[in-house]
Amino acid sequence: MGDAIKLKILVLGPLKTGKTTLCNFLSGQGKVHSGKGPETYHPTVGVRIIEFDRELERPRRLSIQVELWDCSGDKKYEYGWPAVMKDAQGILFVFNPYDANVGARGQQERELENWHSRFAPSIGLRDTQMSVFAHNSTGEQQQKWRGKLGKNMLRIPVECTSVEYDAEVIRAEFDRLLTRIANTVLQKREDEEQSIIANGNENNFL
């Protein structure tokens, strides 16, 4: 039997980038819109929490209870961000550099860097506890994004994603993110247990 762990992961990024669609796809819950055909846009109000289980076999066996916090890209909800950040163990950043309707060229990247600067340092996450999805939510096959994020995000893994064309890439990269976060959390837990044992042994000799 493998390690069992619960992970709280925030899904952050600008408006209209496909965050909710990705959360629905990863959890197998709710509607997954590919981007093709007419679709009424329903922005997330504040935050939506999705829970599901994920079993991973490699490189170590993990039984993970995932808690995805699908956060609105509207900054009018920032009054609630401290509560959103509390006890978060990872972040999935999502932006859409493919759709001209969601901002001028480079605007999405700049917005994403602002999201990073507001959340990552406050929570105290390592780069390995985060991933970036350059997500194509247009429903049309396009050349993969070849841009570059700011210097504070250069070491965070970036994957070009599309529910329509790269569904397995989404699952695989999310599983890698889960593995990295779980390993960090489990190692911290083990270090704390070893520290308690060491302190207990020292007290025995006093």
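This report describes strand pairing, helices and aromatic contacts in a predicted model.

**Strand β3 and its partners**

Strand β3 covers residues 62-71, and eight of its 10 residues are buried, so the strand is largely enclosed by the rest of the structure. Two neighbouring strands pair with β3. Strand β1, residues 3-12, runs parallel to β3 and is joined to it by nine bridges. In this pairing, D3 stands opposite L62 of β3. Strand β2, residues 47-56, pairs with β3 in the antiparallel sense, over 10 bridges. Here E51 faces E67 of β3 as its opposite residue. A further contact involves a charged side chain and a ring: K8 lies over the face of W69, at 3.8 Å from the ring centre.

**Helix α1**

Helix α1 spans residues 19-27, and eight of its nine residues are buried, so this helix too is largely enclosed by the rest of the structure. The buried residues are K19, T21, L22, C23, N24, F25, L26 and S27. After α1 comes G28, which has a positive phi, near 75°.

**Helix α3**

The 17 residues of α3 should span 24 Å at 1.5 Å a residue, and the C-alpha atoms at its ends are 25 Å apart, which agrees with that expectation. H116 itself is among the buried residues of α3, together with Q108, E109, L112, W115, F119, A120 and I123. These buried residues pack against β1, α2, β4 and β5. G124 follows the helix and has a positive phi, near 85°.

**Aromatic pairs**

The model contains five aromatic pairs. Two of them are set out below.

| Pair | Centre to centre | Angle between planes | Arrangement |
|---|---|---|---|
| W81 and W115 | 5.1 Å | 50° | tilted |
| F95 and W145 | 5.1 Å | 85° | edge-to-face |

The pair of W81 and W115 is classed as tilted because its planes stand at 50°, and the tilted class lies between the limits of 30 degrees for stacked and 60 for edge-to-face.

For the second pair, F95 lies in strand β4 (residues 90-95) and W145 in the loop between β5 (130-135) and β6 (158-161), so the pair ties together parts that are 50 residues apart in sequence. Both F95 and W145 are buried.

**The loop between β5 and β6**

The loop that holds W145 also contains Q141. Whereas W145 is buried, Q141 is exposed, with a relative accessible area of 62%; the exposed class begins over 50%. Q141 and S162 are separated by 21 residues in sequence, and their C-alpha atoms are 8.5 Å apart in space.

Terms used: Residues numbered from 1 in each chain as written. Predicted model: local features only at pLDDT ≥ 70, side-chain atom pairs only at ≥ 80, totals over all residues. Heavy atoms only, no water. Buried < 20%, exposed > 50% of the residue type's maximum accessible area, 1.4 Å probe, protein only. Helix = DSSP H or I, 4+ residues; strand = E, 2+ residues; numbered from the N terminus. Pairing = 2+ DSSP bridges. Phe/Tyr/Trp six-rings, centres within 6.5 Å; stacked < 30°, edge-to-face > 60°. Lys NZ or Arg CZ within 6 Å of the ring centre and 35° of its normal. Expected span 1.5 Å × (residues − 1). Contact = heavy atoms within 4.5 Å.
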